[in-house]
Amino acid sequence: MEWTQEMRYRPYQEWSEKYVRELKTNVEQSKWRLNYHIQPETGLLNDPNGFSFFNGKWHLFYQSFPFGAVHGLKSWYHVSSTDLIHWESEGAALEPDRAFDSHGAYSGSALPVGEALFLAYTGNVRDQSWERHSYQLGAWMNKKGEIKKVAEPLISEPPAGFTAHFRDPQLIRSNDEYLMVIGGQTLDEQGEVLVFASQDLVDWQYRGPMNIHQDLGFMVECPNLLSIEEHTVLLLCPQGLKELDYQNLFPNTYILAEEYLAETNNLKNPQKQQVLDEGFDLYATQAFTAPDGRCLSVGWIGLPEMTYPTFGEGWAHSLSLVKELTIKDGKLYQYPVEETQRLRGSQETLVAEANETFMKQTANSYELQLEIPSNCQGSVHLFSDSINEKSLVLSYDTKQGKVWLDRSKTDYPLNPEFGETRETIVEQGESLTIAIFLDKSTCEIFINEGEKTLTANYYPTEEQTYLLLENSQKCRASYYSLSK
Ligand code: FRU
């Protein structure tokens, strides 16, 4: 089916129930549907939005185009949870049904205020000549889950000197005020992170672009300012970066600093910007500090402008597991929250003898915890067929301190023009631990308890159900089947 602009932006009520029913039937037949990750019922999912804890539950929303696997007229879809791993569908939340969000209820965040949850999002509007206008909008969700949009925009235009690529407000409480941190672009196409402040969520004052003094590409999307322990972390999605080594079309990055100084609108002693995830598919990570003090994040497993084989099945993408962000020895760590262990079935210990291939058939839904000794070379073949012709290969050399992922051995190559391998560097000559969370057509890999992460989609054939281990030294692994 050819997706015309008219179809992408067709009002939701004009899609027939029959069309949606048939789409759903199609999607349900996919062999790549996930077991324990959040995925769309139909259509395309992208950024996580409004991740929060309110009224005794975790709330998460995501960017959704429910009518096909394309970027079209976006809305917020709502899911909730009591344990961060089992998510219940709460249905559509913010639909593009007003003049200020006519062409999409774009990304944003949520903050509990009094007895309600305040949602801040971007209204995307295209005028008669298809020119973009962006509004920062608000909505209140009450304890019954009813949502009421605020009639007037919180911020009705980008500040002078900035283009309409002005979006993805992150709302936070900082000292005695509310701050809104928004992605922006200058008229001469430089990315910036814009800060606004308010006492009452109604009247918003512009504080200016955050003084970052680093390459932020030609545009910034999805900025998130976080306090983690005694540090500040800025997460962001800068497009068109020149001063950073990465292979994905667009990276998700972070800047670690001592603190955010509101008076001067800058980060104190910022480190150099780094890539948040060294795999193939992670973008638009959103995080917040939960009432229990943990800083929790979730990302979109997917990237803009890439093609995936589920497009033909009418659905695409998922959200990552919920990860806890911590700082150890001045470094950012990301690891699935402890609650993830509740997905575990029984434990099995796998022993791979030196220079022998260990092989196990699986349901492609498991957690694998590996311990790799120092001075060891080896690989784990995920989604392998029985003769190991096709698989997603994670290799390591602990002597050299290198870990790399290769997804070229497949019937479904994924955007090979951006390279089919990714590499990460760890301490030379040290042992390492690898945790792998594999789910039908996606995989999240955590090195040394989250010191490094690699997220990757991979689409196996029905024969690719094996797990293989090959090592130059004897290695042990714990294997847990995972299910909801
Ligand atoms: C990032 C993004 C955001 C925007 C949303 C639209 O993936 O482009 O900047 O708000 O997706 O779906």
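## A look around the ligand

An oxygen atom of the ligand sits 2.5 Å from an N or O atom in the side chain of aspartate 168. That is a polar contact, meaning a pair of N or O atoms within 3.5 Å. This is a predicted model, where local features need pLDDT of at least 70 and side-chain atom pairs count only at pLDDT 80 or more, while totals for chains, interfaces and linings use all residues. Residues are numbered from 1 along each chain as its sequence is written, and side-chain values use heavy atoms, with hydrogens and water left out.

| Residue | Part of the residue | Distance to a ligand oxygen atom |
|---|---|---|
| Aspartate 168 | N or O atom in the side chain | 2.5 Å |
| Asparagine 46 | N or O atom in the side chain | 3.0 Å |
| Serine 107 | polar backbone atom | 3.1 Å |

On its own, the ligand exposes 320 Å², and the protein buries 92% of that. Those areas come from the Shrake-Rupley method with a 1.4 Å probe.

So who is in the neighbourhood? The residues around the ligand include Lys74, Arg167, Glu221 and Trp300; being near takes one heavy atom within 4 Å. Sorted by class, this shell holds three nonpolar, three polar and five charged residues, where Asp, Glu, Lys and Arg count as charged, Ala, Val, Leu, Ile, Met, Phe, Trp, Tyr, Cys and Pro as nonpolar, and the others as polar. Strands S1 (43-54), S5 (105-113) and S9 (167-174) each give two or more residues to the shell. A strand here is a DSSP run (E) of at least two residues, numbered from the N terminus.

Now for another strand, S26 (residues 357-361). Buried means under 20% relative accessible area, with a 1.4 Å probe and protein chains only. S26 runs antiparallel to strand S35 (residues 466-471), and five bridges join them; strands pair if DSSP finds at least two bridges between them. Which residue of S35 is the bridge partner of threonine 357? It is glutamate 470.

Asparagine 364, in the loop between S26 and strand S27 (365-372), has a phi near 55°, a positive value in a residue other than glycine. Asparagine 364 is buried, because its relative accessible area is 6%. Leucine 201 also has a positive phi, near 70°, and lies in the loop between strand S11 (191-198) and strand S12 (205-209). Leucine 201 has 5% relative accessibility, so it counts as buried.

Key:
A polar contact is a pair of N or O atoms within 3.5 Å; within protein, one must be able to donate a hydrogen and the other to accept it, and residues adjacent in sequence count only if both atoms are side-chain atoms. Helices (H or I, at least four residues) and strands (E, at least two) are DSSP runs, numbered from the N terminus. Buried means under 20% relative accessible area, exposed over 50%, partly exposed in between (1.4 Å probe, protein chains only).
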